[in-house]
Amino acid sequence: MNFEGKRVLITGGGSGIGAAAAEAYRRAGAEVAVFDISFKEERLADKRIEIPVDLTESEQVQAAFSRLWELWDTLDVLVNNAGVEYVASLEDSTEAGWDRVMDVNVKSVFLCCQAALPRLKASRGNIVNTASQLAFVGSSLFTAYTASKAAVVNFTRSLALETAKDCVRVNCVCPGAIDTPLLRRQFEGGRGPQGTLGDLIGMHPMGRLGHPEEIAECILFLSSPAASFVTGSAMMADGGYTVH
Ligand SMILES: NC(=O)c1ccc[n+]([C@@H]2O[C@H](COP(=O)([O-])OP(=O)(O)OC[C@H]3O[C@@H](n4cnc5c(N)ncnc54)[C@H](O)[C@@H]3O)[C@@H](O)[C@H]2O)c1
């Protein structure tokens with residue numbers, strides 16, 4: 001896939017799937033900007049911009065976009081990928097935990113799409129959101145997370161309808177268990193919410209975890225001309241998890 005001359009903004013590109021996507025776009029020739037809360041300071045490198053921002057704070061999001069528009073006057077692709085998990089039974093869940101997962105996983109998508117849409121309309125560009133296979137199936141101890149990812153899928157569909165006339169395509173990718181720091185944190189105490197790592201792997205008919213690079217390839221495909229008639233879709237990339 002060739003993204004030569006294209007400008008791509010990725011949220012949560014400091015780690016895991018977002019970092020893999022940033023690298024894949026760079027290798028495909030794109031200029032890449034990354035918004036992430038983990039960055040200590042702004043960095044401008046060759047064809048790569050890093051801007052620190054907490055995407056749950058609308059004023060910070062506005063400031064990050066204002067800075068980006070000082071550096072770029074166009075945008076071709078927005079990848080809304082930043083996300084957090086919240087693992088807790090309903091009885092143990094807190095309002096703060098619920099708000100955090102909804103703000104990072106859903107509100108940030110709304111805020112970034114709103115800020116980027118005028119430029120994406122001008123470029124007839126693309127939005128790709130990172131949802132999850134857990135948007136389509138339930139998972140004990142993941143009520144807030146699964147609700148947030150189902151919200152991302154239907155947000156994707158509705159925005160795709162709204163922007164189709166402007167030739168802005170909007171899609172999402174739905175990964176299964178991918179070997180990233182987010183996933184590994186579940187097993188810091190030995191067992192995760194779905195048992196051992198081996199138990200989780202066993203829920204995937206392909207018998208392994210996915211790699212961040214495999215999800216990056218899906219993101220690039222959805223935002224490429226190869227997917228020119230694809231909009232409003234939720235691409236499963238879950239090693240068969242949801243096929244049962
Ligand atoms: N890893 C998996 O198994 C898996 C499965 C399905 C979906 N996903 C989704 O994929 C996306 C990426 O997850 P990952 O596994 O690469 O996780 P990760 O923890 O490796 O990366 C997430 C990135 O988001 C950033 N981030 C978190 N909160 C932020 C905030 N408030 N503002 C700005 N940046 C913020 C983090 O700093 C981090 O760099 C998430 O949306 C996640 O829900 C992951």
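Colleague: Left-handed or right-handed, the crossing where α1 passes α7?

Modeller: α1 passes α7 in a right-handed crossing. A crossing is right-handed if the near helix is turned clockwise from the far one, and left-handed if anticlockwise by less than a right angle. Bear in mind that this is a predicted model: local features need pLDDT of at least 70 and side-chain atom pairs count only at pLDDT 80 or more, while totals for chains, interfaces and linings use all residues. Residues are numbered from 1 along each chain as its sequence is written, and side-chain values use heavy atoms, with hydrogens and water left out.

Colleague: At what angle do the axes of α1 and α7 cross?

Modeller: At roughly 55°, with the axes of α1 (residues 16–27) and α7 (residues 212–222) coming within 8 Å. That makes α1 oblique to α7; angles under 35 degrees count as roughly parallel, over 145 as roughly antiparallel, 65 to 115 as roughly perpendicular and the rest as oblique. Axes are lines fitted to C-alpha atoms, for helices over the stretch in contact, with angles from 0 to 180 degrees between N-to-C directions.

Colleague: Which residues in α1 and α7 meet?

Modeller: G16, I17, A20, A21, A24 and Y25 in α1 meet P212, E213, I215, A216, I219 and L220 in α7, where contact means heavy atoms within 4.5 Å. By class, the contact has 10 nonpolar, 1 polar and 1 charged residues.

Colleague: Switching to α3. How does it pack with α4?

Modeller: α3 (residues 95–123) and α4 (residues 143–163) pack at an angle of about 15°, with their axes 8 Å apart. They are therefore roughly parallel to each other. The contact includes W98, V106 and F110 of α3 and Y145, K149 and F155 of α4. Its residues divide into 15 nonpolar, 3 polar and 1 charged.

Colleague: And where is the kink in α3?

Modeller: At L117, shortly before the proline P118, with a kink of about 50°. The bend at a residue is the angle between axes fitted to the seven residues ending there and the seven starting there. L117 is also one of the α3 residues in contact with α4.

Colleague: What follows α3?

Modeller: R124, whose phi is positive, near 55°.

Colleague: Last one: which residues make the contact of α2 with α3?

Modeller: S58, V61, F65 and W69 of α2, with L111, C112, A115, A116 and R119 of α3. The axes of α2 (residues 58–71) and α3 come within 10 Å and cross at roughly 25°, which makes α2 roughly parallel to α3.

Definitions and conventions:
Helices (H or I, at least four residues) and strands (E, at least two) are DSSP runs, numbered from the N terminus. Ala, Val, Leu, Ile, Met, Phe, Trp, Tyr, Cys and Pro count as nonpolar, Asp, Glu, Lys and Arg as charged, and the others, Gly among them, as polar.
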